[in-house]
Amino acid sequence: MGETEQRPTAGSRLGAQENAGISTLEHGQKPPMTTPGKLVSIKIQMLDDTQETFDIPQRAPGKVLHDAVCNHLNLVEGDYFGLEFPDHKKMMVWLDLLKPVMKQIRRPKHVVVKFVVKFFPPDHAQLQEELTRYLFALQVKQDLAQGRLTCNDTSTALLISHIVQSEIGDFDETIDREHLAKNKYIPHQEALEDKIMEFHRNHMGQTPAESDFQLLEIARRLEMYGIRLHPAKDREGTKINLAVANTGILVFQGHTKINAFNWAKVRKLSFKRKRFLIKLRPDVNSSFQDTLEFLMASRDFCKSFWKICVEHHAFFRLFEEPKPKPKPVLFSRGSSFRFSGRTQKQVLDYVKEGGHKKVQFERKHSKIHSIRSLTAQPSEQHTEVPKQTARAYGDNNDTAAVQSCRQGKELKSSTEDTGQHKSPSLKKSPKEGRKVDGAVVSAVEEEEEPAKDRMQQNRPQSQQPSTAGSLTGSPHLSELSINSQGGPSVANMTLSPNLSPDAKQSSPLVSPLLNDPSCIRADDEEEVKRKRFPAEKAYFIAKEVATTERTYLKDLEVITSWFQSAVSKEDCMPETLKNLIFSNFEPLHKFHTGFLKEIEQRLALWEGRSNAHIKGDYQRIGDVMLKNIQSMKQLTIHLRKHNEILMELENGMKNSRKLETFCRDFELQKVCYLPLNTFLLRPLHRLMHYKQIMERLCKHYPPSHMDFRDSRAALAEISEMVAQLHGNMIKMENFQKLHELKKDLIGMDNLVIPGREFIRLGSLSKLSGKGLQQRMFFLFNDILLYTSRGLTASNQFKVHGHLPLYGMTMEESEEEWGVPHCLTLRGQHQSIVVAASTRAEMDKWTEDIQMAIDLAEKSSGPAPELLASSPPDNKSPDETTVDQESEDDLSASRTSLERQSPHRGNTTVHVCWHRNTSVSMIDFSIAVENQLSGNLLRKFKNSNGWQKLWVVFTNFCMFFYKSHQDNHPLASLPLLGYSLTLPSESENIHKDYVFKLHFKSHVYYFRAESEYTFERWMEVIRSATSSASRTRALSHKEPHAY
């Protein structure tokens, strides 16, 4: 026994005291009663590949063993982890916490139980403890080695580079090669070693905790993150794999996800022998059957997967542990299994309340030194990690590192003192006596920051497309958003130890993980906040320039980086067209990259993040705008080429099937979140944005303001540019819209002809012998088309008929047909009766149709026959298969952007069809002017926490990103048909600057950072949720000649 007590344990290796265990039970709750008696030894394999033995009572339930392991590791968030073991059939199963261990593990001497991650949250920022994130990082490392976490080579190399950074520290080519030779993180690692070292070189100055955070940030975006595949077959006998995640149940074919059933859509889960059954909630927009059935290898396999699904649903969806059902008196039916333990919400609340003691821990594999050289150059790529891990080395104020932070000592004296004042968990390195071995230890000190303490933004970096065209393949990491459900927002700080003007304040430990808040004097705190977060309106106008410029630069990169890269790999575009496109876009991208840098530098000065001693001179933006707008005039020659680019590309696609297929395939990529030709018009749209911004700035400034003269001059310059190019832009918008509609229609030979102008599209009901049937109408200045949604995989609209506007009459006919909001349209050869969904919709159509009839009457005569065929509308298409709308939880949704379908199903035409509404060309023109980008906090109707997202509003749609550096949106929310209101008192949204979006049962709350940004978001979103009244008419005197 004496030798057993002296044996080093996992707890001692992690720096934990034996009596400092933390129970995973709720406060005041007692562990299950166990009868003292014979003890049984259970071998546990930890995530660091070591084995520990735990002695438990023979009749103890699984929870006793699970708590013993968590206590041993001092793991507060142990509920994310589980114990798995091979049963008597060699099938890996989870230990049931309610059943006795010995009834589950029959031969404990021959079984090794594994302690692994069981529940993977949607955002690793929900993991409050550094120790928990470290264990998650070990799980990712293990999954990579076992081939369970599959991804492309670029993502694999990036993941391994962060693991290497956490284990050996900063890049050194010799040490890296030796380390990679001794440590195999994946099979056939040799082929990726150069790429791993290339990425590792970019992580200079990154601590192990930061590396864990970045590792998890990349891993969570991978499709196979946290996925365990369970073989099954569908009803047709096709081999598939089932998996369960925080979002719901997933279906894979091989390692490719082909379907997902969110928890919100699942009504019931059950199994019957080998059949696993999913009963879905009824949904008219879904093509799935009410109950889905999958066949698994055996009843045991089926029941095991069913249990895992029950546990995941309870952990992520319930507020508290489900109560046990009362036992039946006579007969029992079905399984009595239930989830046991705290739910994720309970874990978050418990950690947030801070009812536990913080402990230090040491990383087993890390050889990194916790004190870095003062002379080391800071990383160019600033990395952001949660500010919540803000204090190092516990409360040991005698640690040399803390002395360095408080007293600003040199590295030499600090390292000499470590021998006398070292923490118990820190050991001297056998290789270098001056440096400290072991990982940076962290006792997490939660700090509640007001929501207005926003994240400082990283400098944007140009990202080249990866082989997979995915964000996960990019070496540049996104800014991290923290989602603390039910708790306050957690602010992030930027790793920039050299920004302080006071040299004595500088320290190698001034980093997001090790920065002690006490180092800032209390009397300076308000001044620091005032500098970082100015309250004046001009600052927020300047910030809008920066946020929208980031989005604009990303849109330019769609052409200059992603499209150009794809074109270079395919021999499908003539050289003359290549030169025309890229020679005119690359100068724009180069100029606006520098422009954005200047704006961000000015904002940094304005906020006090740089040269904080300078006041007043830099609290303006007009001079920067004037200088760059004057420089922009030299680019007018490129802007004038955009109409030629658009027309030549369309002609090229018309003449080359290969180029047409290539462009259509490129539009299916996630990065191309809008139609391709929309990106070609972005530079012209951006000029209008500058003009609007400068108008707001000049309106805000009094004439005596020091920035007024520059702002007014900048407005005059940009107004002149807009006036020169505006007429050209109007023609190109109509041309682009006609070509876009052409892709959505079947049965039209030549929709795009000179002189044709688009006016309105939308959903109306057409009266036929079978009653009212939904049809999609397209109104032009010479013809009215009506279509139905086709049953093809492309989701295009089939033209059923057309009415020339020349000689058409229109009259209201509600009384005649007994149908509300009804119109009769009488053409020269055909009459139809249509009905709108509301009176407002009817008025819009009436106004536009009458205007179009008047224009047609004034023209020279009837339009030529334009349809390839005009089949009579004698049968109703089957309208039961409708696309799902992309407006679920961000972490759960799979939008149409992510579907592998031949045609995108979230275009404006499809949204109008689903929402039973319409949109006009004037609405499109207003939408071009009303574009906005920035950070918003989002909350769902039934959730407690706010999630920080980067939001881009354009084309009547909100696109959601994790950060402004992301290459493609995670989800989208089309706003046509939505209502924009303020939350009522009964909704208990006790926050400022909150607006509400709702459509039927879908409700979303969004929270802005200031009054100005709140008003701007309300203004631009209102333009999409309510169609504008007609303010101008298209004139036949100004045809759009091509």
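Which residue forms a salt bridge with arginine 1016, and how far apart are the closest N and O atoms? Keep that in mind as you read these notes.

1. **Before you start.** This is a predicted model, in which local features need pLDDT of at least 70 and side-chain atom pairs count only at pLDDT 80 or more, while totals for chains, interfaces and linings use all residues. Residues are numbered from 1 along each chain as its sequence is written, and side-chain values use heavy atoms, leaving out hydrogens and water.

2. **The whole chain.** You will find 27 helices and 32 strands in the protein chain. Both are DSSP runs numbered from the N terminus (helices: H or I, at least four residues; strands: E, at least two). Of its 1042 residues, 56% count as buried. Buried means under 20% relative accessible area, exposed over 50%, and partly exposed in between, with a 1.4 Å probe and protein chains only.

3. **The opening question.** The partner of arginine 1016 is glutamate 544, with the closest N and O atoms 2.9 Å apart. A salt bridge is a side-chain nitrogen of Lys or Arg within 4 Å of a carboxyl oxygen of Asp or Glu. Arginine 1016 sits in helix H27 (residues 1011-1025) and glutamate 544 in helix H15, so this pair ties together parts 472 residues apart in sequence. Arginine 1016 is buried at 4% relative accessibility, and glutamate 544 is buried at 6%.

4. **Another salt bridge.** By the same rule, the count comes to 43 salt bridges. In one of them, the side chains of lysine 141 and glutamate 167 meet at 2.8 Å, N to O. Lysine 141 belongs to helix H5 (residues 130-145) and glutamate 167 to helix H6 (residues 153-168), so the pair ties together parts 26 residues apart in sequence. Lysine 141 counts as buried at 19% relative accessibility, as does glutamate 167 at 6%.

5. **A sheet to trace.** Follow the seven strands of an open sheet in the order S29-S28-S27-S26-S32-S31-S30, with antiparallel pairing. Strands pair if DSSP finds at least two bridges between them. Strand S29 (971-974) and strand S30 (979-981) stand at the edges with a single partner strand each, so one side of each has no neighbour in the sheet.

6. **Inside the sheet.** Strand S27 (residues 947-954) and strand S28 (residues 957-961) run antiparallel and are joined by five bridges. Look for tryptophan 950, which stands opposite tyrosine 961 in S28.
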